[in-house]
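Open the model in your viewer and keep the selection tool at hand. The stops below go from a sheet to its helices, then to rings and a single side chain.

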Amino acid sequence: MSLGQKITTAFEKALASSHLFFIPSQLHIHPTHGIAFQIRLAPSLTKKPDGYVADKRNPFLPYDPAMFVHEYERHVVLLNKFSVVKGHVLVVTKEFESQMFPLNAHDFSATWNVMTQGGSQYLGFYNCGPESGASVPHKHIQLIPASTEVDDVYPPLQTLISTRKDQPGTPFSDATLPFAHGISLLPATPTPTTLETIYKALVQHAFRSARLDPGPCLQRNEHVASGVPDAAHPQASYNMIMTREFMMVVPRRVERAFGVSVNSVGFAGMLLVKNEEQLEVVKRVGPMEVLKEVGCPVGEEVKV
Ligand code: B4P
């Protein structure tokens, strides 16, 4: 059975047995800055079943066997228990590793395998650090497949990227985006080590363009392994998104703005709102303004 078939079969079975919650949502398209932003309204997300919100146990160790799809040497592929898009999966380390740790070639190996063998066009992402929108402290990369509701460019940010002619692996910033970031086009068949190298270069490029020190993001800081940074060991936050065409890193200043919580997916041009008020706020201030507020201002270039 192909990985794509495994994902579909596991999803249907987990949904039918009520182990997985499919969250209904309404899609609003909001074009601005040349990007057809998707704003997804999912009111029932605020009503996750009792126990899931307050429960501080690690949901991935042990994981719910009904979520299991596939395994690699160091990772398992699990269904997202609260799927807004059918087939949303997580690549989770088998042993505990902190979500504050940098990604490595093993993480990219498993993630790229799902991206190329999973049977869909995927947006991969990693929410790292306390302001990144992450809620689970056990290392996990997420993959959301293109939804069948829209047959548009996926993810919406791709519109900006497809016009670029930059050398694959060379970080650049796009002047359309009013927050510090780094983007690289990817080679067609990158090795896991190439992906790790590109990711590290992007963290450096993005943090330096915000005049921040990228150092702590690239170290396995054992002090924050539990997921709780302290004053002596503050942890920077950032989002990483990737498709088969590009990777992007965005340093984070805060987790929410205008009352709306933003994770990596927002920077791909897809915002999630949980009530009508939030939807109206995002439409009024504009998705790019929300992203600008939760991201970091671009500083003067620092030569290192
Ligand atoms: P985190 O990195 O910790 O945080 P998150 O994606 O922001 O998820 P959160 O749970 O805070 O989500 P929210 O209500 O805002 O990821 C943890 C992941 O583990 C999540 O995917 C979570 O659902 C999942 N999970 C928790 N318990 C689990 C279990 N026992 N077994 C398996 N998986 C488990 O948003 C809800 C969902 O919508 C999130 O998955 C989010 O990533 C996704 N989303 C956000 N924006 C979206 C958009 N624009 N379009 C579609 N989906 C979107």
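**A tour by selection**

Select β4 and β5 to begin: a hairpin of three residues joins β4 to β5. This is a predicted model, in which local features need pLDDT of at least 70 and side-chain atom pairs count only at pLDDT 80 or more, while totals for chains, interfaces and linings use all residues. Residues are numbered from 1 along each chain as its sequence is written, and side-chain values use heavy atoms, with hydrogens and water left out.

**The sheet**

Strand β4 covers residues 68-71 and strand β5 residues 75-79; they pair in the antiparallel sense over three bridges. Helices (H or I, at least four residues) and strands (E, at least two) are DSSP runs, numbered from the N terminus. Two strands pair if DSSP finds at least two bridges between them. Pick H70 and look across to β5, where V77 is its bridge partner.

Next select strand β7, residues 89-93, which pairs with β5 in the antiparallel sense over five bridges. Here L79 has V89 in β7 as its bridge partner.

Now show the whole open sheet: eight strands in the order β4-β5-β7-β9-β8-β11-β12-β10, with antiparallel pairing. β4 and β10 are the edge strands, each pairing on one side only. From one strand to the next the twist averages 20°; axes are lines fitted to C-alpha atoms, for helices over the stretch in contact, and angles run from 0 to 180 degrees between N-to-C directions.

Strand β10 (residues 182-185) runs antiparallel to strand β12 (residues 246-252), and four bridges join them. L185 stands opposite F246 in β12. Are the residues of β10 buried or exposed? G182 and S184 on one side, and I183 and L185 on the other, are all buried (under 20% relative accessible area; exposed is over 50%, partly exposed in between; 1.4 Å probe, protein chains only).

Select helix α1, residues 3-16: it lies across β4, β5, β7 and β8 (122-128), at about 155° to β4. Then select helix α4, residues 192-209, which lies across β10, β11 (237-242) and β12 and runs at about 40° to β12.

**Aromatic rings**

The structure holds seven aromatic pairs. Rings of Phe, Tyr and Trp (its six-membered ring) pair if their centres lie within 6.5 Å; planes under 30 degrees apart count as stacked, over 60 as edge-to-face and the rest as tilted. Show F11 and F22, an edge-to-face pair at 6.1 Å centre to centre with 85° between the planes. F11 is in helix α1 and F22 in strand β1 (residues 21-22), 11 residues apart. F11 counts as buried because its relative accessibility is 3%, whereas F22, at 41%, is partly exposed.

Y199 and Y238 form a tilted pair, 6.5 Å centre to centre and 45° between the planes. Because Y199 lies in helix α4 and Y238 in strand β11, the pair ties together parts 39 residues apart in sequence. Both Y199 and Y238 are buried.

**Last stop: Q38**

Select Q38, in strand β3 (residues 35-41). Q38 counts as buried because its relative accessibility is 6%. Which residues does Q38 touch, not counting those up to four places away in sequence? They are L27, H28, I29, V150, P156, G269, M270 and L271, where contact means heavy atoms within 4.5 Å.
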